[in-house]
Structure formats: C-alpha cells, structure tokens
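Please keep the coordinates open while reading.

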Protein chains: 2
Amino acid sequence: MSGADADGAAPRRSIATVCLSGTLTDKLSAASGAGFDGVEIFENDLVAAPFSPAEIRDRCADLGLAVELYQPFRDAEALPPEAFVRVLRRAERKFDVMEDLGAETVLMCSTTSAEAIDDDDLAAEQLHTLADRAGERGLRIAYEALAWGRHVSTWDHSWEIVRRAGHPSLGLCLDSFHVLSRGSDPSAFAAVPADRLFFLQLADAPHLAMDVLQWSRHHRLFPGQGAFDLPGFLRQVLAAGYRGPLSLEVFNDVFRQSDPARTAVDAMRSLIHLEEQLAGTPAAATLRDRLVLSAPPGPPELTGHAFAEIGVDAESGPVLGGVLADLGFAHTGHHRSKPVQRWQQGDATVLLNAAVVLTGDPGQAVVGALAVSSADPDSSAARAEALCAPVLPRTRGPAETDMAAVAAPDGTSVFFARTGGNWMADFLPTGAEPTAATGITGIDHVGLSQPFDHADEAALFYRAVLGLAPETSTEFAAPFGLVRNRTVVDPSRRVRIALSVAVLRRGEWAPCVPDPQYIAFRTGDIVATGRALRAAGVPLLAIPDNYYDDLDARLAIDPARLDALREIGALYDRDAHGEYFHLATEVLGSRVFFSVVQRTGRYAGSGSLDAPVRMAAHRRQRLRALNGSRTDA
Amino acid sequence: MSGADADGAAPRRSIATVCLSGTLTDKLSAASGAGFDGVEIFENDLVAAPFSPAEIRDRCADLGLAVELYQPFRDAEALPPEAFVRVLRRAERKFDVMEDLGAETVLMCSTTSAEAIDDDDLAAEQLHTLADRAGERGLRIAYEALAWGRHVSTWDHSWEIVRRAGHPSLGLCLDSFHVLSRGSDPSAFAAVPADRLFFLQLADAPHLAMDVLQWSRHHRLFPGQGAFDLPGFLRQVLAAGYRGPLSLEVFNDVFRQSDPARTAVDAMRSLIHLEEQLAGTPAAATLRDRLVLSAPPGPPELTGHAFAEIGVDAESGPVLGGVLADLGFAHTGHHRSKPVQRWQQGDATVLLNAAVVLTGDPGQAVVGALAVSSADPDSSAARAEALCAPVLPRTRGPAETDMAAVAAPDGTSVFFARTGGNWMADFLPTGAEPTAATGITGIDHVGLSQPFDHADEAALFYRAVLGLAPETSTEFAAPFGLVRNRTVVDPSRRVRIALSVAVLRRGEWAPCVPDPQYIAFRTGDIVATGRALRAAGVPLLAIPDNYYDDLDARLAIDPARLDALREIGALYDRDAHGEYFHLATEVLGSRVFFSVVQRTGRYAGSGSLDAPVRMAAHRRQRLRALNGSRTDA
C-alpha cells in the first residue's frame, strides 16, 4: 500500500467509519455493501467492538475492505518532555493495535492541548521521534492541521512542520474541511512533494457562521451536498501527485443516526459524482500521471415533465379525478393493462394509478412517480445506474412502451420518457381531448416532502442523477416547526422539483399537520385561471383576509390587483427578478394537493415566505375534515 | 395599561405567541391554560389566522389574555426620505391592526437594512415622527436593539436614540437575550427613567460560539434553562422602576414543534421560579416600590433516595426479582393492598410494582417512580404544586401512609417521603432482613431517558421542584446518534438524577438501540462488589478487551488495578477531583438495567466518556436476545 498507484488505475475509494451509524459491524457491512475499497477505522468504534484488532483485520479482508487509516491520535506534539514521555508510551500501544489491525497509516491531529508549546521546532522534533518509532514497525504518520488546532491550524503550517521534521515516515493528511473552512488556497499543494502527501480526507459543508469546531463536528456533508468547491480541491490534490485513497470523513448529526447502508450508498454516489466533475475537465489532462476517474454518461437534455403520477385507492381515486375534471383536465385515456387513468390539459399530464399498494385508512393518495422527458432516456437511465440509483423492474404488458425508471431516496419512482416519444401509446383513448379549459399549460414543478434521515441524500440524488442545479434554498418557521425548502431545476427551467423537509424530525404533536406532496401546474394568467377554477367549484384553499392586508402594508401593490388576488385566493411573492402567484387546492385524499402558479420575469424564489400561511390554512381544513364541522381551528 | 402598576401588585405575566407551536388558536389556548395574563402577538401568527384583529381581541378577552404587544415592526428608521415614506404608510396600516387588536404597544427592532444610514439623529428624528403618528392614536412604540442590528446593536445605543427622539410615545424594549448576548451590563438600566421602559422580554440561552442571529433564532430557552443570569437581569430592570409585564420571548426549534399546552406550562414554571429567585433576596427590598413576586415554599432539605420503583409485568417481574436477589437484595416486604414487592440492601430500596399498566409485548419494565426523602414532605409537595407540577391522586387503603406525589415531564412519579418517616409501614414484612450481602449501601442515582420534546422542561422541573443543582452536562456521540446527559444533584450529594436525551429525535434505524433507564447503586469497593456479583451469577454486561487496552494506553493505570477492572468488567473514569467506577447489568425486561458505582474524592463527571462502550455492549446483548443466538453484532 503506498501513496501512488500504478498509472491508469482507478483511485481507491474509502470511507471513515465515523461517517456511519451503528456499531463497527454495522459500519463495515455498510461500507462493503456500497462498494468501498477501504475504510478509516475510528478509534472509538474499535474500542467499543468485541473483536480483537486482528479479528477486525480479518473481517475487513473478508468484506474486501483495506484498513486505509487508523484515527485519530491526538495531542502528540510540542509538549514538555515529561508529557512527551507519556505520548510515546501511548503511541507504542496504538502502534501495537495498528500492526494487529493491518493499518499502515495513523492520523495525528495538530494538538489542541493547553500544555502545548508554540514552538515549531519542538513540534517537528517530537514528530520526528514518533515517526522513527512508527517507521521501525513499517508504519507511517499523517499529520493534519485541525482548523481549531492550538498552534497549528492551517495546512501550510502543518507542512512546514513536516518539512522541518524531514522523516520518511512522516507526511501530511489533507482534509478538505480543515483547508477550505480556513479559506486556504489548495493550489499551493503543488509545492509539496507527492511522496509527502500521505492521506486525503474529503468532506463538504454548508456555509455556516459558527465556531469552526462545532461546524466540523456536526455539519459536514458528503461532497456535492454543501457549499465548498470540492472538485477544485481534489483537482489540486491530484495535480500535486497524490495517488492514495479518496477517503470521505464526514461528521454529521443526521448521518450518525441514519441507516448506515443507505448513508454509505449516498457517500459512494457523492464520490462518483465528484470524480465525474474532474474526469471531463481539461485540468484532468494536466495530472502528472493518468488516473481513471468515474465517468458516468453525462446528463441528457431534459425538456419537461412528461407526467406526474398519483397513487390512489378506491376512495381517493374518484375524489382526485373529480377535482382534475373541475380543474379543466380531460380524462383522455386508460392504461392497456393497469388500472391507471390519464388526465390532460395543455402539456400537463397526470396519471391516477390505482394499481399501487397504499397502506393506511381508505382515502390515501400519494405522488408516487414522476417522469421527465429526456432527449436520451437510455443515457439518463445508464447515468442513474452509474450513480447508484436502484433500477426499478420494468413491468409491462405486450405492446407497451419500455420506460426505464429508478427509485429516488424519498421512494418516488423517476421515469425517463423520450422527448416526443410515444409512451402515450400505452393508453387507450377514451375519446376525450385535452383543451385549454382553464388556461393550465403544463407542470411547473412537483413538490415532494422528504424523509428526515435522507434529505441531503435526496437533494444530491435529484441534482446529480437528473443533472439539475439548485434554484433556491430557504428555511422558514412553519406552524409546526422549521422547514427547509430546496428547489432544483434544469438549465432550461423546464423541469423543477421542490424538496421540503422538517429541520427537526417531527414528533407526535399536530398529527394532522399537512406534510403534503403536490403538483404545481403552470398558467400564463393566474387571475383568469383562478376565476375559472372558482366557477368550476374547485375546492381552493381559503386564504385569510389578514394575509392580503399584510400584503398591502408590505408591498403596496396596485389596489385592483390586490382585489383580484383576494378574490381568487392567490398567494403572491416577488423578488428582484420577477413575480410569483400561486393558488392551492385543499388537501385531497390523505396528503396531496394541486397548485397553479404563474411566474413573471425570472422570479427565482419558491414562495416560501407564504408557505406558513398556506400550511396554517391546510391545517384548518384538515381539522375541519377530522372534526366534521365547519367551525375554525 | 401603563409601565407602572399599583404598589404591591403581582407583575403581569405574558408570553409571545412565537414561543409556542401551532396556529394562533392553539397558542392562545395554551397561554390561557397555563395561567398567563397576556400575550405578545407575533405578526406572522396574525397574518395566517382566519380571524380579523377585532375577533382576535375578543378571543383573547374571552381567554383572560391582554394583548400586551404587537410585534415586530422591522426596518423603520435611519432611512433615506423616499424609503421612510413607505415606512410611514406601512406603519399606518399596522397601527390600524393594533387598534382593532387592542394592542397599545408595538415592538420596533433596530434596523438590519442595507439601506439604513449610520446616523443617530436621523434615526431619532424618524422614530419621533413614527411616535407622533402612534401617539395620535394612543399607541406607543417600544424600540429594541437587535444584537445583530446594522447600526444599533446594544441597548445603551437604543436608549441614546430614544433619549434624543424625546417623545412620550417612544420608549425602550429591553430583551434579556439581546442585552446579555452582547455582554452588556444591566446595572446601567438605572440611568433610564422608568417611564421610558416600555417593555421587557425575557429569554435565557446556553453559551454557544455561533453567529448571534442564529443563536437567538434557534437556541433561546426559558429562564433557568440556559446559562444567562436572568435573576440578575430582572433585578436590574425592576430596580430601574419597570412595572410592565414580564414577557417571555423564546425562539427555540424544539418548542416550535412541541405540544404548546405543555410548553406554556414549562414557560410559566420558569417565570415563577425566576420571580422566586428575586423574591427572597435583599435586593427585592431595594425596589423602588413593592412588587408581589411569586414565592413558593423553599425546597426542604433532601436526605437521600427513599426508593426507586420499577413497573413490571408478569414476565419481567420474576426476572427483575431474580436479578435483585443475585445482586444481594432481600425481598423484605409486600404492600398491604397492591401487588408491590419491596427489595432492600443497605439503604437501597427498590419496589417492583405489578399494579401499573404497561403497554407493549410481555416483558416490559420501566422505572415509573422515584421517592426522595424530604425533611418536610408537605412543603416539598406544596412547592411542586406552586411550580405547576401536576399533583397525582393519592390512592391508599386503610392504614397506609399518605405520601404526596407529582408527575415529572418524563412521566415519572416523584414521591416525597419523610426523612426517617414510617412509609415502610405500608409493607407487610416477609421475614427476610436486608444484609450487606454484596456491599451495596444505597442508591447513588437514577438514570432517566427523557422525551425529546421535553428535555429542557424536564431538566428545569427536576432542578426547580426538588431544589437540585446541575452537576454535569455533556454531549457525546453514541453508536446511534448524539446524546446529551445532564446530572442534577442536591447540595449534600445524596439525591442525584441523571437525565439523558437524544440530541436529534431518533428515527427507525436501530430499533433495538438501548434507550434505557437505570438505577445506580453505590458501593465503597467496586472490586469486592463486582466479584460478589460475578460469583452470584448476576448478568453483568460484557465489556470488550479493546476498552481495557485503550484505558491502559490513555491513562497508564496500575496493572493490577487494570486487571481487576477487566476481571469484573468495570468501566473507569477520572477527573481532577476523583475517580468513578461503574458496572452495568444487561438490560432486563424491555429497558431497565442496574448499575453499581463507586466514587472516590469529589469526582464530578458522569462517566459519559464510556457511555458509548456501554451502549454498544447493550446493543449486542439486545440483538443476541432478539436473534436468539450468541453470535455477535
């Protein structure tokens, strides 16, 4: 095992056990299951395990996992002599463990001890001594600058100490969080000889204005899930000649308590996507030697939402069909082989699928699938599979279109329809034709509430697999707790998915709080559409007068327009780029509503300023339904 | 309504609707139910409500709530003239709402707008204009310095502007968070004339190294739950002559999604306890005029744990009885009228109660009650009741001791036994006598896992009601997520309760993770006791060898002692003040274990460094039990 693989090899992919929830057994199984080549063993995981280090080594070997790193060894350097004697004793004990474990490299973090002396030469001298001891056993020490280290907190300072120590068994561990959270420039890695780059730890993070230690310990994310430039970072590390494992080290409060098998897949997807972002760039050609990085097929052009599908049962099906009819949709077809109805208006297509199995009381409805129109569905599907998306079995009868689908982390089936393709042939026409009945022209977006444990995974999934980019990210106080909304959109703004998640997992309070999914249709004239829907008796959500009074106070919009919004019950937002109008129906079935939106200009918000008003109104509606009365809540 | 009540009146108690979860209806009901006299109406709550401001006024009146404040009005001052014209328009609209609502005072926060000019005279002049408009309607403006205000971020700066404006309808709102988070000195309030102190907002917070805006918006707590000196703050405000409402304004992510009826009671308890801390102090006598503050009976001296009670069923009862027997406890009595067994060793008494109703599969066991020995049980009970503790009905047969009990937020019944009293008379002797069989001398502490939504409430409850003080507070990464431990103890260290809670609410992953409760017994010689327990066949938890190897590496403890710890399976910790040894049994029944601890010196930790090792071992034990095999996990 060394820092440089042969030319043309794929990098080894590794994950720190600290990224994953559970006991060491759970973690190793998860890492292996997701296809990692190796692991960093976190000391606390080993200490709590009932296996000897040698047994753990065997277990890893059985699982196809190399033990790439043992970590961390803390507070080793720049100490008074008597304290350093104790460090040497501790190090020898840990070197014993490493030998038994088959770990060649140990991570040493720059000291945070109050005892430590601000003396680089002393630090270098003591690290040299430790490296001597390690080297005698064929082990090596990767020294890392913690962003909150007492005297050494930047990677260039750690390099200066390693350089002064000048020992072949002492090198650097570069951690993207520690480097990027300090605003250091990774292009300076080029000054470090490749054989001094012992280890690489990759972690992303959101921008947060908080103590760097807390930021690091609780809020790290996998690459692509945060705000750091991980592709730029990795490019510099590889350009400097590093050829060791690409290892993820992410401390995250949610991942710590989520199913490790899923987290490991999320981690692997993140790493593949990160490699992909390097593979195709000119910079990759400048790497000192060739590396075979992951290169899934690029995302084909998406041209719109082909359809959205709602799973219904015998009770909710007629309700949703009735509302679609009132919304001006025509029931244009039924599926050749399944109890699926097709409803259309303009380019908006909604399927009501009674073939899915829904659990719970009668009246369930759930947005179970969405389909995007892809210029190349086969490439879309191949890309999804390369990015670890579970491919769904294709169940079709004779003469039906073969449409690939994958499962998103939130359980939604994502289908790839061919742009202009003939998937509609699966449906036998009813004879009804779609019209422009109420002015709905298409699907603007689909709103999906996300499972708490997998919201970051889902956001990366939709972005990476479909080639979407973040449009908005907001956090707001809803009536029953904080909610985070993230909208992702394709470059042409024709496919948009709005993801929402409770910032803290919900408890029992407010069991009838709406946590719904929705399909938002597009119109070019919200007032005309709104009036048509009112006239047709669509069960539109009642918006309080106080909302319009506040709108008037806040925005001083034209009185005639305000009156029109109040009349149709539309919510309104604007930003520097445009305006946003939206109308919502009541919740239908158990958790689905429809909405109609109009955008003007390049409005880039998500209407989330008004979301609490909509949520409170849905809550009143649901309470009324539960109580069977029309009194308020 | 004015800033000064008549002499000798109790202060009005108020709560901001933003403290509570739900819709405005939920919040007002909760505030009224907890006995508040008034509320601050948060604008977003009003905007989302389906009632007109006049209807809300009537609703509040019906509930006995004054509308003490309307809030917030943002970004009002120090603006260019054309922007200020828009502010005046907005203000008039909001004054309309206030008139209808019956709110005399509006909160204006110091501006955070990028448009605002750093010019105190301009700010004062524009606030004067706004105060003129307000005054014409009999309204008044309370100006507050946000800790993150653009140009005004300290209370003394806000006072300078109010002073310059010199308008009778313009005064200050003092908010303890904004003042104390900036490290300002509240003793300087004395320089402000009492009639300029329009409003007071009270909030506590933990010390956190983070952006002050995020700290304020997410992590505020009710007084007594954080780290700020709220009694000192309130004393200064009252000494300055403030006589308006004491109003709680707490933005907290957990409270935002918890049952508001419970949160409101927690809030009221916090306020009563805060008043109590002032009532008895000499400083209260120096207040310019007399105020009648809450003064529950002081906490009587506690002398120990009288007993801990475990609810059992037909399956778990014999299991726990058997382990208690192996632990060296004698079954010394059974209750006169209920299926309750008394087990004793030394001063440790455990009751096994088969009369409680347990839900779930057979084999349930739960620590359902604890009893403290009080020098004055009647005062203890009266204090608990004054602090909003639900008093439990006393159900006793003839010739049984009358023992008061209250319900803690975690559902535990807390009994008050008289020190040296005769509650044991409720039990008929079996003839068996307690012995010093295995060296257990008493109950060291009881460990209770807390409901996620009510952990801060519970910590304040145990502290305030029982007169306990925090001993330790730690947060650590357990195998299935972060855990926070808080231990509270009486001044003589004879009553100790260890509270633990998952930092993030747990999800479905790791359903067999132990989240157990336990009773920790005390011994003076852990090795002797441990050997006796092993000899007796107590099902002690197996601690991995790796743990002892790490202990050796970390602490270099005496080899003979290390061998003894390894032999008996004890965990070990030490701090600057002393040492801590602990042994745990396997989980018995569904979620209870026993532990035996020895303390030397004044060890003030909670052994939580080792808790993950214990938790992983419990997890393995539970998995084995579930799988019915002895292979590992």
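Through how many residues does a hairpin join strand 22 of chain B to strand 23 of chain B? The hairpin joins these two strands through 3 residues. The model is a predicted one.

**Sheet in chain B**

Strand 22 and strand 23 of chain B pair in the antiparallel sense, and Tyr572(B) stands opposite Phe581(B) in strand 23 of chain B. Strand 21 and strand 24 of chain B, by contrast in direction, run parallel; here the bridge partner of Ile519(B) is Phe594(B) in strand 24 of chain B. Strands of a sheet pair through backbone hydrogen bonds, in either a parallel or an antiparallel manner. The two pairs are listed below.

| Strands of chain B | Residues | Sense | Bridges |
|---|---|---|---|
| Strand 22 and strand 23 | 571-574 and 578-584 | antiparallel | 4 bridges |
| Strand 21 and strand 24 | 517-523 and 592-601 | parallel | 6 bridges |

These strands belong to an open sheet of 8 strands in chain B, whose order is 18-19-20-17-21-24-23-22 and whose pairing is mixed. At the edges lie strand 18 (469-478) and strand 22 of chain B, each of which pairs on one side only. From one strand to the next, the twist averages 25°.

**Contact between the chains**

Chain A puts 57 residues in contact with 57 residues of chain B. On the side of chain A that touches chain B, the elements giving two or more residues are helix 2 (43-47), helix 4 (81-101), strand 19 (481-489), helix 16 (545-555) and helix 18 (611-627) of chain A. Helix 16 of chain A gives the most, with 8 residues. By class, this side of chain A has 25 nonpolar, 12 polar and 20 charged residues.

**Domains of chain A**

The domain assignment of chain A gives domain 1 (13-285) and domain 2 (302-627). Their centres, taken over C-alpha atoms, are separated by 43 Å. In the contact between them, 14 residues of domain 1 of chain A meet 11 residues of domain 2 of chain A. The domain 1 side of this contact divides into 5 nonpolar, 5 polar and 4 charged residues.

**Nonpolar core**

The largest nonpolar core has 396 residues, and those touching the most other members are Val350(A), Tyr462(A), Ala264(B), Val350(B) and Tyr462(B). Which residues does Ala264(B) touch, not counting residues up to four places away in sequence? Ala264(B) touches Ile15(B), Leu20(B), Ala30(B), Ala31(B), Gly33(B), Ala34(B) and Phe36(B).

How values were computed. Residues are numbered from 1 along each chain as its sequence is written. Chains are lettered from A and ligands numbered from 1 in the order in which they are written. This is a predicted model: local features need pLDDT of at least 70, side-chain atom pairs count only at pLDDT 80 or more; totals for chains, interfaces and linings use all residues. Two strands pair if DSSP finds at least two bridges between them. Two residues are in contact if their C-beta atoms, placed from the backbone, lie within 7 Å. Ala, Val, Leu, Ile, Met, Phe, Trp, Tyr, Cys and Pro count as nonpolar, Asp, Glu, Lys and Arg as charged, and the others, Gly among them, as polar. A nonpolar core is a set of buried Ala, Val, Leu, Ile, Met, Phe, Trp, Tyr and Cys residues joined through C-beta atoms within 7 Å. A residue is buried if 20 or more other C-beta atoms lie within 10 Å of its own, exposed if 12 or fewer, and partly exposed in between; C-beta atoms are placed from the backbone. Domain bounds come from an automatic or database domain assignment. Axes are lines fitted to C-alpha atoms, for helices over the stretch in contact, and angles run from 0 to 180 degrees between N-to-C directions.
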